[in-house]
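Thanks for coming. I will go through one structure today, starting with helix packing and ending with the cores. Please have a look at it first.

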Amino acid sequence: MIFVINCGSSSIKFQLMDPSSEKVYLKGLAENIGSNRSLIQYEGKQELVPDMDYQGILSKILALLSPFHKDLTAIGHRVVHGGEYFSESALVTQDVLDKIKSCIPLAPLHNSANALGIETCIKTFPKLPNIAVFDTAFHASLPKHAYLYAIPYQYYTKYHIRRYGFHGTSHRFVADAAKDLLTMHSKLIIAHLGNGASVCAVKDGKSVDTSMGFTPLEGLIMGTRSGDIDTAVLPMLAKKTGKSLDQLLEMLNKQSGLEGISEISGDMRLLEEKAEQGDHQASLAIEMFCYRLAKYIASYQVPLGGCDALLFTGGIGENSSTIREKVVGYLPHFTIDTSIHAKLKRGASGIISAKDSPFIAVIPTNEELLIAKDTDRIQKSL
């Protein structure tokens, strides 16, 4: 069995699975860590642990593995940022851990939590190998002209300021799954749409461009993130509102996007309901989301030299037929077969394109399974 753990800034997702059979033996989530609403959910149970710190939550989660200890062979960790160090998953050594920590300034909330999760697992299970699977690794294949910003070059050489891209584990899983579903799959555009959202251009299995950048703030409109914005807006808002740069960045990350436009929520499901009821701002937020996404999709035919398939994944991409239809409606040459689309069940995979269109498909992502498979492959090679 492989234990997969995803340590977020205020949440921890975990699964225990057999990557060969894909059977899941234990699955859970801890959220609101450190607050009076902190809780752990697993196997239909819910345990309130108010004000328990991150380390305490980790220890309680790892204690759940006691009945499975004799069958546990390795632990796989999602690590958000690997900087320019990692182009693939890696066995955790002290050198690897040091490099993960050196990337904390690039992803302060996530990499510090990822490192803590790794160190705690090593102390709890000292004989088990730990494998780090990096969100950024899949995008290590981006060419320099795609990942550099047009600012003085010295800021790249001195401070490593460049586009890194995220959601790499999901994009890689979907790109691999496309091989089993599609006859044409060398030029893929993948739209991972959830509370966080990104697009990736994949050519012959490698990422060649992606919408997220130095941080996950760049690119698409998201649940609470603004996506692309003229940076000159920030000093203007600072003067007008008296807010600090940190406060404005907080606003762009946590109070913008769908939530900021709609003034209702960043949850697309709720916005679709409100739009059907005639709420103008909910409809506007949805339209802006789809328009921005369609522009990115159209532009990614440039690095690919065309497009064999457009693939939707993530919570919104897998479940919202409305969003898929709106996005494709903006794209010339792409057409959905509405009769097939109407029969596709929520969360199911399938081809939904018309005969005269490039392939359009829905492929549910499974980042935990990919992490487990990478972990299993590396630990078997030791």
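At what angle do H1 and helix H3 pack, and how far apart are their axes? Before the answer, two remarks on the source. This is a predicted model, in which local features need pLDDT of at least 70, side-chain atom pairs count only at pLDDT 80 or more, and totals for chains, interfaces and linings use all residues. Residues are numbered from 1 along each chain as its sequence is written, and side-chain values use heavy atoms, with hydrogens and water left out.

Now the answer. H1 and helix H3 (residues 108-124) pack at about 45°, and their axes are 11 Å apart. Axes here are lines fitted to C-alpha atoms, for helices over the stretch in contact, and angles run from 0 to 180 degrees between N-to-C directions. Helices (H or I, at least four residues) and strands (E, at least two) are DSSP runs, numbered from the N terminus. H1 and H3 are therefore oblique to each other. Under 35 degrees counts as roughly parallel, over 145 as roughly antiparallel, 65 to 115 as roughly perpendicular, and the rest as oblique. On the H1 side, the contact is made by Tyr54, Gln55, Leu58 and Leu62; on the H3 side, by Ala113, Leu116, Gly117, Thr120, Cys121 and Thr124. Contact means heavy atoms within 4.5 Å. By class, the contact of H1 with H3 has 6 nonpolar, 4 polar and no charged residues. Ala, Val, Leu, Ile, Met, Phe, Trp, Tyr, Cys and Pro count as nonpolar, Asp, Glu, Lys and Arg as charged, and the others, Gly among them, as polar.

Take one residue from that contact. Leu58 is found in helix H1 (residues 54-63). Is Leu58 buried or exposed? Leu58 counts as buried because its relative accessibility is 0%. Buried means under 20% relative accessible area, exposed over 50%, and partly exposed in between (1.4 Å probe, protein chains only). Leaving aside neighbours within four places in sequence, Leu58 is in contact with Ile5, Cys7, Ile12, Leu116, Gly117 and Thr120. Cys7 is 51 residues from Leu58 along the chain, and their C-alpha atoms are separated by 9.0 Å.

H3 has another partner. The axes of helix H2 (residues 94-102) and H3 come within 9 Å and cross at roughly 155°. That angle makes H2 roughly antiparallel to H3. Leu97, Ile100 and Lys101 of H2 meet Asn111, Ala115, Ile118 and Glu119 of H3. This contact of H2 with H3 divides into 4 nonpolar, 1 polar and 2 charged residues.

Next, the cores. A nonpolar core is a set of buried Ala, Val, Leu, Ile, Met, Phe, Trp, Tyr and Cys residues joined through side-chain atoms within 4.5 Å. The largest one has 43 residues, of which Leu193, Phe289, Leu310 and Val327 touch the most other members. Several elements each supply at least two residues, including strand E9 (187-193), helix H11 (280-299) and strand E12 (309-313). H11 gives the most to this core, with 9 residues. Beyond four places in sequence, Phe289 is in contact with Leu193, Ile221, Leu258, Met268, Ile316 and Ile323. A second, separate core of 26 residues includes Ile5, Phe14, Ala30 and Leu65.

Last, a loop residue. Leu182 lies between helix H6 (168-181) and E9, and counts as buried because its relative accessibility is 4%. Leu182 and Ala309 are 127 residues apart in sequence, yet 8.3 Å apart in space, C-alpha to C-alpha.
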